[in-house]
Amino acid sequence: MDILRFATAGSVDDGKSTLIGRLLFDSKAIFEDQLEAVERTSRDRGTEYTDLSLLTDGLRAEREQGITIDVAYRYFATPKRKFIIADTPGHIQYTRNMVTGASTADLAIILIDARKGVLEQSRRHAFLTTLLRVPHLVLAVNKMDLVDYSEERFNEIHEEFTAFASKLNAPDLTFIPISALNGDNVVTRSENMSWYDGTSLLHHLENVHIASDRNLVDVRFPVQYVIRPQRATDHAFHDYRGYAGQVAGGVLKPGDEVVHLPSGLSTKIASIDTFDGPVAEAYPPMSVTLRLEDDIDISRGDMICRPNNQPAAAQELEAMICWMADGVKLAPRSKLMIKHTTRTARALVRDLHYRLDVNTLHRDESAQSLGLNEIGRVSLRITQPLFVDDYARNRLTGGFILVDEATNGTVGAGMIVEARG
Amino acid sequence: MLQADYTTSQLDVLEAEAIHIMREVAAEFERPCLLFSGGKDSIVMLRIAQKAFWPAPIPFPLMHVDTGHNFSEVIDFRDRRVAELGARLVVASVQDSIDAGRVVEETGRRASRNRLQTTTLLDAIEEHEFDAVFGGARRDEEKARAKERVFSFRDDFGQWDPKNQRPELWNLYNAKIRKGEHIRVFPLSNWTELDIWDYIRREEIEIPSIYYAHKRAVFERDGMLLADEDVVNRGDDEPVFEAVVRYRTVGDMTCTGAVQSAAATVEEIIAEIAATRITERGATRADDRTSEAAMEDRKREGYF
Ligand SMILES: Nc1nc2c(ncn2[C@@H]2O[C@H](COP(=O)(O)OP(=O)(O)OP(=O)(O)O)[C@@H](O)[C@H]2O)c(=O)[nH]1
Ligand SMILES: [Mg+2]
């Protein structure tokens with residue numbers, strides 16, 4: 001069985017948490033004691049129906065305010081797949097939590113309230129999911145029960161969103177009319193919308209093809225940890241030296257010729273080790289340990305790749321940044337810590353090219369800084385080379401985070417668009 | 001693991017993610033430790049640690065917060081496992097905290113040392129200067145845990161601030177802290193109870209005997225079966241009877257309930273869990289029943 005990771009997105013109150021509650025409930029992934037607790041809480045607050053959003057809105061503050069503040073992770077499985085759900089907040093103040101949930105998603109469900117249509121926050125989230133390169137999008141037009149299940153209204157929103165999406169790099173995009181509250185088209189096809197001839201949301205989630213979303217072409221092995229068992233009880237391992245890490249791209253095999261960066265030295269893979277014995281191949285997302293034929297000085301933060309397919313060794317980066325700090329702004333001359341794969345360095349913001357208006361996608365080139373939840377394109381200078389690919393080619397070698405050196409907070413998410421040596 | 005189309009099974013994906021997290025901690029922190037209680041989640045976590053650093057030994061000590069009210073089968077198992085691995089075990093004792101006047105023992109029928117553990121844990125983290133502490137908590141266990149990051153920041157007082165968590169993108173974890181602060185790390189965040197059992201079966205991992213059906217003297221309280229042991233304050237109106245039970249979670253005897261079950265093998269346990277309609281904590285933990293936000297409140301104070 002494989003895993004599909006998906007995230008919800010969309011504006012406040014569009015029904016994201018209710019949808020997840022409904023999906024869990026109708027696929028029988030809710031336990032009796034959880035349901036009882038939710039029924040009790042709904043009753044205590046005088047809600048007439050069982051408020052399924054309480055299944056994911058688990059924090060005290062969220063229940064008090066009736067909104068989602070941080071991502072909730074939920075799990076369920078059908079005979080076809082295991083699902084990891086990130087239910088993210090719609091409120092603009094918590095955009096960074098939405099970004100957290102969407103960064104690892106294979107698919108994002110963007111909800112729209114059928115009465116309200118495409119809002120600024122719907123556009124912001126749609127833009128963020130495409131910026132994060134979530135490979136599959138579902139546009140779920142929710143609360144169809146409140147517009148008499150109108151095909152016309154659905155088509156209007158379909159058209160409006162399609163027009164906006166044409167300006168994005170929207171990959172695979174599917175539209176589904178639903179009622180999260182009543183369950184129409186969530187797990188089973190709705191009888192209230194006979195005009196809709198697509199599948200239910202769950203059916204789509206079970207069948208969307210995700211195997212080809214990983215990069216199996218460009219071999220990238222960021223060295224994470226060097227294993228040297230000096231006090232191993234077994235003397236056979238006394239001279240053992242292995243390079244542990246998680247494969248970020250491509251397929252590695254024993255005997256393959258590889259290049260070590262930054263040295264540029266070549267060698268061959270002697271063996272790919274795991275606790276359970278050597279393996280014949282390693283590919284994402286496997287965590288393995290490589291032994292190499294030659295003794296090369298290799299440490300954490302280095303990269304192993306193939307001779308004729310190397311990442312850029314870059315000290316100058318062009319990247320899209322999503323800024324996530326409350327107080328401090330990002331501006332030219334800002335100095336930050338950067339963490340990219342297993343390497344941490346310092347970064348200097350050389351230039352802010354533009355700030356993006358997520359509503360219109362207009363580029364404001366006069367912008368002097370990026371504030372909380374703003375997105376823009378910057379040039380960075382790094383204190384040492386990073387081994388990078390374009391984010392569009394590989395999310396793992398193209399993404400990075402920025403950390404404030406004073407507060408240690410994670411203040412920026414970066415996606416590389418162009419790297420120079 | 002090998003398949004022509006390079007797909008990876010769910011257990012392999014979860015294992016690879018957990019190994020990555022452990023290596024990240026070993027590389028970025030000075031003094032990590034792994035909380036090992038002898039319960040199924042920490043047993044799986046320990047297996048992952050073995051895998052992550054093989055053939056080298058696990059590069060950090062284990063720590064157990066011992067309430068003194070643990071099941072003897074579990075303590076025996078803990079010591080045996082630690083000896084087999086040649087690992088270093090730090091035992092932080094709630095009794096010592098009581099003797100030192102750091103906490104006051106609860107009284108009455110529902111007296112439990114569960115909550116007192118937080119002080120013992122935080123004192124031990126401070127004493128040993130641990131900067132990263134692995135916990136076996138899973139997000140599917142409880143609604144507040146469902147909200148927590150893999151790298152969960154704790155301030156000088158060991159507190160969790162659920163409204164102000166660090167963003168956490170891709171597989172990039174921010175390990176930066178100041179002295180006195182620490183990070184709780186949850187490598188099994190994305191595992192479910194069923195995943196844990198499937199993994200125990202696949203890896204043929206030994207677990208304490210109390211997870212399997214056995215005869216035990218118990219009494220009923222709040223719909224839960226508690227063990228009739230000296231440390232559990234039973235009232236005269238709570239009659240003891242013998243039942244065939246097993247434990248779904250392993251914790252302090254005073255607040256961990258048994259479930260009636262005849263499941264005597266891992267396969268039977270998996271079949272039982274796949275069919276159950278009650279969550280693991282709902283069925284067995286009195287500590288979550290005190291209020292709607294009981295777990296969140298304890299976590300804020302620095303609980304596991
Ligand atoms: N009539 C109707 N109401 C709905 C539907 N889906 C959600 N709602 C209601 O809309 C309100 C907001 O729902 P939530 O699920 O909390 O919305 P959300 O998108 O998770 O909100 P945030 O997470 O705070 O951004 C609740 O009162 C729901 O009951 C629907 O399909 N039909
Ligand atoms: Mg919500």
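Trainee: Which residues of α4(A) are buried?

Mentor: This is a predicted model. In α4(A), the buried residues are A:Thr95, A:Arg96, A:Asn97, A:Met98, A:Val99, A:Thr100, A:Gly101 and A:Ala102.

Trainee: What makes helix α4 of chain A mostly covered?

Mentor: Buried means under 20% relative accessible area, and eight of the eight residues of helix α4 (residues 95-102) are buried. The helix is therefore described as mostly covered.

Trainee: Against which elements do the buried residues of α4(A) pack?

Mentor: They pack against the strands β1 (2-10), β2, β3 (81-87) and β14 (312-323), and against the helices α5 (120-131) and α8 (395-398), of chain A.

Trainee: Why is A:His204 counted as buried?

Mentor: Its relative accessibility is 13%, and the limit for a buried residue is under 20%. A:His204 therefore counts as buried. A:His204 lies in helix α7 (residues 201-207) of chain A.

Trainee: Which residues does A:His204 touch, not counting those up to four places away in sequence?

Mentor: A:His204 touches A:Leu107, A:Val138, A:Thr174, A:Ile176 and A:Thr199. Contact means heavy atoms within 4.5 Å.

Trainee: What makes A:Ser17 and A:Thr68 ligands of the magnesium ion (ligand 2)?

Mentor: A donor must be an N, O or S atom within 2.8 Å of this metal. The OG atom of A:Ser17 and the OG1 atom of A:Thr68 coordinate the ion at 2.0 Å, so both qualify as donors. The pair links distant parts of the chain, 51 residues apart: A:Ser17 is in helix α1 (residues 16-26), and A:Thr68 is in the loop between α3 (60-65) and β2 (72-77) of chain A. A:Ser17 and A:Thr68 are buried.

Trainee: How do you know that A:Tyr49 makes a polar contact with ligand 1?

Mentor: A polar contact is a pair of N or O atoms within 3.5 Å. A polar side-chain atom of A:Tyr49 lies 2.9 Å from an oxygen atom of ligand 1, so the pair meets the criterion. The protein covers 89% of the 660 Å² of accessible area that ligand 1 has on its own. Polar backbone atoms also lie at such distances from an oxygen atom of ligand 1: that of A:Asp13 at 3.0 Å and that of A:Gly15 at 2.9 Å.

Trainee: How many residues surround ligand 1, and which are the closest?

Mentor: Ligand 1 is surrounded by 20 residues, the closest being A:Lys16, A:Ser17, A:Thr18, A:Thr68 and A:Asp145. By class, the shell has six nonpolar, nine polar and five charged residues. With three residues, α1(A) gives the most to this shell.

Key: Residues numbered from 1 in each chain as written. Chains lettered and ligands numbered in written order. Predicted model: local features only at pLDDT ≥ 70, side-chain atom pairs only at ≥ 80, totals over all residues. Heavy atoms only, no water. Donors = N, O, S within 2.8 Å, 3.2 Å for Na, K, Ca; no water. Helix = DSSP H or I, 4+ residues; strand = E, 2+ residues; numbered from the N terminus. Buried < 20%, exposed > 50% of the residue type's maximum accessible area, 1.4 Å probe, protein only. Near = heavy atom within 4 Å. Polar contact = N/O pair within 3.5 Å; in protein donor to acceptor, adjacent residues only side chain to side chain. Areas by Shrake-Rupley, 256 points an atom, 1.4 Å probe, with all protein chains shown as cover. Nonpolar A, V, L, I, M, F, W, Y, C, P; charged D, E, K, R; others polar.
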